[in-house]
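This report goes through a single structure, from its surface to its ligand site. Please keep the sequence and the 3D view at hand while reading.

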Amino acid sequence: MTDGMKTAGVLGLGFMGASLGAALRGASGIGRVVGYDSSADARAQALDNAHVDEVLDSAADVARAADLLVLCTPVQQIITYLTELGPLLRPGTVVLDIGSTKSAVTEAMDKLLPDDVVPIGGHPMTGPATAGTDSPTARIFAGRVFLLTPTLRTDPAVTRWCTGLLEEIGARVEVLEPARHDRLVAVVSHLPRILPLPLLELADKDPDPMLAELPAGGFRESTRKATENIDMWADVLVTNTDHVVEALRRYAREVELVADRVAESDPAALRELLTTAADRWTTLFEAE
Ligand SMILES: NC(=O)c1ccc[n+]([C@@H]2O[C@H](COP(=O)([O-])OP(=O)(O)OC[C@H]3O[C@@H](n4cnc5c(N)ncnc54)[C@H](O)[C@@H]3O)[C@@H](O)[C@H]2O)c1
């Protein structure tokens with residue numbers, strides 16, 4: 001399927017799917033982008049904002065039309081679609097997903113998809129929180145890492161083709177194994193979504209009712225992620241349980257170490273603790 005003008009089919013026209021649809025519309029080699037979402041509102045938004053060329057009547061219609069099928073729903077629905085839509089795909093179709101967990105999806109791809117289609121996992125390391133916008137836009141991929149996780153069945157030529165396509169929409173592609181992906185993103189992506197939970201719980205359980213009157217900017221910003229997309233994140237936690245739990249336990253040990261340092265109440269040591277953390281943050285984000 002790596003020659004000629006392709007039809008890209010996007011299932012799930014929420015923030016990520018609509019953004020990717022819009023980006024693919026500008027890619028050479030993609031002649032048409034069609035899509036479908038179970039929400040009438042999402043379908044209307046995608047059409048009104050020209051995120052896709054055409055919205056079709058069903059997921060099955062998109063599957064039949066696609067040379068490149070991109071699954072952009074929450075993760076559990078991605079897996080359901082692999083079962084339901086696999087038999088409808090034409091030989092040679094490339095099936096890419098952008099779900100936030102990769103082992104569960106790539107194993108399901110290998111097991112559930114017909115032998116004559118080519119699966120590959122993907123995960124763009126961008127989103128509303130990173131891009132600073134709630135509106136889907138093709139620009140969210142520019143300069144961001146887009147991880148590709150080939151399955152046991154992925155043809156290397158398809159990995160190269162996807163890499164070229166994603167680079168064309170501005171992404172920086174990295175290829176890695178699904179299990180390694182899941183372990184790494186548990187720390188940098190999944191944990192940040194969970195960390196506000198105990199903090200909110202701590203505040204809620206405080207015996208002094210006055211506490212509820214006090215939260216200001218710091219508390220608000222530190223806990224904002226607790227409000228993010230519950231459908232999407234419930235699926236992430238269910239499909240990356242072991243890595244997230246392991247990362248949470250390691251995090252709890254780090255919390256204990258910080259508590260020990262604070263308990264010493266040594267001004268110089270505390271300055272060093274804070275300075276080291278600030279330096280680490282700067283190193284991580286200075287390129288931005
Ligand atoms: N938001 C992020 O930061 C981010 C980053 C990278 C990857 N992802 C992954 O991308 C995927 C989509 O995330 P999002 O942020 O766009 O979420 P979203 O909630 O904005 O969009 C999901 C869309 O899927 C649609 N949908 C649900 N079930 C469907 C079905 N059966 N058929 C068709 N459409 C269906 C919903 O109506 C919604 O429009 C998820 O798998 C998520 O893990 C998200």
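Helices (H or I, at least four residues) and strands (E, at least two) are DSSP runs, numbered from the N terminus. The model is predicted: local features need pLDDT of at least 70, side-chain atom pairs count only at pLDDT 80 or more, and totals for chains, interfaces and linings use all residues. Residues are numbered from 1 along each chain as its sequence is written, and side-chain values use heavy atoms, with hydrogens and water left out.

**Ligand site**

The shell around the ligand holds 24 residues, and the closest are Met 16, Asp 37, Thr 73, Tyr 81 and Ser 100. The side chain of Asp 37 places an N or O atom 2.6 Å from an oxygen atom of the ligand. Thr 73 instead uses a backbone N or O atom, 2.7 Å from a ligand oxygen atom. In the side chain of Tyr 81, an N or O atom is 2.5 Å from a nitrogen atom of the ligand. On its own the ligand has 820 Å² of accessible area, of which the protein covers 82%. Accessible areas come from the Shrake-Rupley method with a 1.4 Å probe; for residues, only the protein chains shown count as cover.

Which elements give two or more residues to the shell around the ligand? They are helix 1, helix 4 (75-85) and strand 6 (118-124). Helix 4 gives the most, with three residues.

**Buried positions**

Relative accessible area sorts residues into buried (under 20%), exposed (over 50%) and partly exposed (in between), with a 1.4 Å probe and protein chains only. Leu 24, in helix 1 (residues 15-25), is buried because its relative accessible area is 2%. Neighbours within four places in sequence aside, Leu 24 is in contact (heavy atoms within 4.5 Å) with Ala 8, Ile 30, Val 33, Val 70 and Leu 165. Leu 165 is 141 residues away from Leu 24 along the chain, and their C-alpha atoms are separated by 8.3 Å.

Thr 223 belongs to helix 10 (residues 217-223). At 9% relative accessibility, Thr 223 is also buried. A polar atom of the Thr 223 side chain lies 2.6 Å from the backbone oxygen of Phe 219. With neighbours within four places left out, the contacts of Thr 223 are Pro 196, Leu 199 and Leu 200.

**Surface patch and salt bridges**

Trp 281, in helix 13 (residues 267-285), counts as exposed because its relative accessibility is 56%. Trp 281, Leu 284 and Phe 285 make a nonpolar surface patch of about 380 Å². Patches are made of residues with over 30% relative accessible area and no salt bridge: like charges are joined within 9 Å, nonpolar side chains (Val, Leu, Ile, Met, Phe, Trp, Tyr) within 5 Å.

There are nine salt bridges in the structure, where a salt bridge is a side-chain nitrogen of Lys or Arg within 4 Å of a carboxyl oxygen of Asp or Glu. The table lists some of them.

| Salt bridge | Closest N and O atoms |
|---|---|
| Lys 205 and Glu 201 | 3.4 Å |
| Glu 221 and Arg 224 | 2.8 Å |
| Glu 246 and Arg 250 | 3.2 Å |

Lys 205 is exposed, at 60% relative accessible area, whereas Glu 201 is partly exposed, at 38%. Glu 246 and Arg 250 are separated by about one helical turn because they are four residues apart in helix 12 (residues 241-264).

Just after helix 2, Ala 50 takes a positive phi of about 55°. Most residues other than glycine have a negative phi. Ala 50 sits in the loop between helix 2 and strand 3 (54-55), and is partly exposed at 37% relative accessible area.

Ser 265, not a glycine either, has a positive phi of about 50°. Its loop runs between helix 12 and helix 13, and Ser 265 is exposed, with a relative accessible area of 53%.

Methods:
A residue is near a molecule or strand if one of its heavy atoms lies within 4 Å of it. A polar contact is a pair of N or O atoms within 3.5 Å; within protein, one must be able to donate a hydrogen and the other to accept it, and residues adjacent in sequence count only if both atoms are side-chain atoms.
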